[in-house]
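Hi everyone, thanks for coming.

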Amino acid sequence: PLVLFPAFRLQDRMMKKTLGEKAWVKVHENIERERKIREYMEAHGGQRPPDPFFTKHLKKVCGCFFSKQREIKMDDIKKGQDLAKEKMRRNEAAKKAMGVKVEGK
């Protein structure tokens with residue numbers, strides 16, 4: 001608990017500085033919603049859960065807002081991270097080859 005406090009504080013600061021607190025809350029809500037949908041689909045033979053009453057009627061009035069639900073694809077995020085790391089390695093190698101001092105080393 002007290003030993004882990006600096007790590008939690010670091011995580012909290014990083015989250016606030018990157019996307020902001022509201023965006024991270026939204027990310028966690030989306031992940032939780034996707035988890036619930038996945039559990040429902042596993043329990044009901046792949047069928048998606050029914051829409052809430054308000055959403056169902058709003059789709060009838062203005063379906064353009066509900067054309068496609070976004071989902072978080074963790075594999076795509078991982079690929080993007082790997083590509084960014086590789087690009088950083090190449091940039092550092094190019095700087096070394098040119099004789100420029102690389103930051104942090």
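**A walk through the model**

Let's begin with the overall layout: this protein has four helices and zero strands. If you follow the chain along the sequence, the pattern reads α-α-α-α. Please keep in mind that what you see is a predicted model.

So how confident is the predictor? The mean pLDDT of the protein is 83, and 86% of the residues reach 70 or more. Among the elements, helix H2 has the highest mean pLDDT, at 91, while helix H3, residues 53-61, has the lowest, at 83.

Next, the surface. What share of the residues count as buried? Out of 105 residues, the answer is 5%. The protein exposes about 10,000 Å², and 60% of that is supplied by carbon and sulfur atoms.

Let me show you one spot on that surface, at the start of the chain. Val 3, Leu 4 and Phe 8 make a nonpolar surface patch of about 340 Å². Val 3 sits in the segment before helix H1, which covers residues 5-18. Is Val 3 buried or exposed? Val 3 is exposed, with a relative accessible area of 75%.

Now for the charged side chains. Side chains of opposite charge can pair when their charged atoms come close. How many salt bridges does a search of the whole structure find? The search finds five, and I'd like to show you some of them.

Please turn to helix H2, residues 21-43. Here Glu 32, Arg 35 and Glu 39 are linked in a network of salt bridges. Let's take the two pairs one by one. Arg 35 forms a salt bridge with Glu 32, and their closest N and O atoms are 2.2 Å apart. These two residues are three apart in the helix, so about one helical turn separates them. Arg 35 also meets Glu 39 in a salt bridge, at 2.4 Å from N to O. That pair lies four residues apart in H2, again about one turn of the helix.

Glu 32 is partly exposed at 32%, and Glu 39 is partly exposed at 42%.

Our last stop is helix H4, which runs over residues 74-98 and has 25 residues. From its first C-alpha to its last, H4 reaches 36 Å, close to the 36 Å expected at 1.5 Å a residue.

Which residue does Lys 78 pair with? Its partner is Asp 82, with the closest N and O atoms 3.1 Å apart. Lys 78 and Asp 82 are four residues apart in H4, so they are separated by about one helical turn. Lys 78 is partly exposed, with a relative accessible area of 44%, and Asp 82 is partly exposed as well, at 36%.

To recap: we have a protein with four helices, a nonpolar surface patch made by Val 3, Leu 4 and Phe 8, and a network of salt bridges linking Glu 32, Arg 35 and Glu 39.

Key. Residues numbered from 1 in each chain as written. Predicted model: local features only at pLDDT ≥ 70, side-chain atom pairs only at ≥ 80, totals over all residues. Heavy atoms only, no water. Patch = residues over 30% accessible without salt bridge, like charges linked within 9 Å, V, L, I, M, F, W, Y side chains within 5 Å. Areas by Shrake-Rupley, 256 points an atom, 1.4 Å probe, with all protein chains shown as cover. Salt bridge = Lys/Arg side-chain N within 4 Å of Asp/Glu carboxyl O. Buried < 20%, exposed > 50% of the residue type's maximum accessible area, 1.4 Å probe, protein only. Expected span 1.5 Å × (residues − 1). pLDDT = per-residue confidence, 0-100.
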